[in-house]
Amino acid sequence: ELHIRLKICRQGKLTASKMHDIAVDHVNAHAQSVYVNKLLPVLSDDELSVFKRGRNAKVYSVPRNADLSEYHAATGLEALIGYLFLRGKNDRLAELFDIMIGE
C-alpha cells in the first residue's frame, strides 16, 4: 500500500480523497489477484514458495468484496512483498511493482 500511495503522490496534484480512492482500487483483494497473474511467470522458485505458503494460510473470514480464491492470491502476494521487504530486496520489489502497475 505504501508503494502505491507513493506512486500516486508522484503523479501530480490530486485531492486526498482521490488519492485514497485510487490506492484502494490497487490494494483490494481483486486487484491483487490480477497482479498475481502478472507476476507468476517471473517469480523465482524461492519467491513462488513464499507466495504459496502465504496463499495457503487458513482463512477464517473473507472480505465481502472478494471471493476465496482472490483472497488467497492477495494474502500470498502480501506475504511475498513482506518477505522481500524484510530481506531488503528493494530492487526486486521495484521490479515486481513495475510489472504489477507499470511505470
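Biologist: Are Glu-47 and Arg-92 buried or exposed?

Modeller: Glad you started there! Keep in mind that this is a predicted model. Buried means under 20% relative accessible area. Here, both Glu-47 and Arg-92 are buried. Arg-92 counts as buried because its relative accessibility is 18%.

Biologist: How many salt bridges does a search of the whole structure find?

Modeller: The general idea is to look for a side-chain nitrogen of Lys or Arg within 4 Å of a carboxyl oxygen of Asp or Glu. In this structure, the search finds two. One of them pairs Glu-47 with Arg-92, with 2.8 Å between the closest N and O atoms. Glu-47 belongs to helix H4 (residues 45-55) and Arg-92 to helix H6 (residues 90-101), so this pair ties together parts that are 45 residues apart in sequence.

Biologist: And which residue does Arg-92 meet in a salt bridge at 2.9 Å, N to O?

Modeller: That would be Glu-95. Arg-92 and Glu-95 are three residues apart in helix H6, so about one helical turn separates them. Through shared partners, the salt bridges join Glu-47, Arg-92 and Glu-95 into one network.

Biologist: What is the relative accessible area of Glu-95?

Modeller: Partly exposed is the class between buried and exposed, and exposed means over 50%. Glu-95 has a relative accessible area of 42%, so it is partly exposed.

Biologist: Where is Asp-98 placed?

Modeller: Asp-98 sits in helix H6. Its relative accessible area is 32%, so Asp-98 is partly exposed.

Conventions:
Residues are numbered from 1 along each chain as its sequence is written. This is a predicted model: local features need pLDDT of at least 70, side-chain atom pairs count only at pLDDT 80 or more; totals for chains, interfaces and linings use all residues. Side-chain values use heavy atoms; hydrogens and water are left out. Helices (H or I, at least four residues) and strands (E, at least two) are DSSP runs, numbered from the N terminus. Buried means under 20% relative accessible area, exposed over 50%, partly exposed in between (1.4 Å probe, protein chains only).
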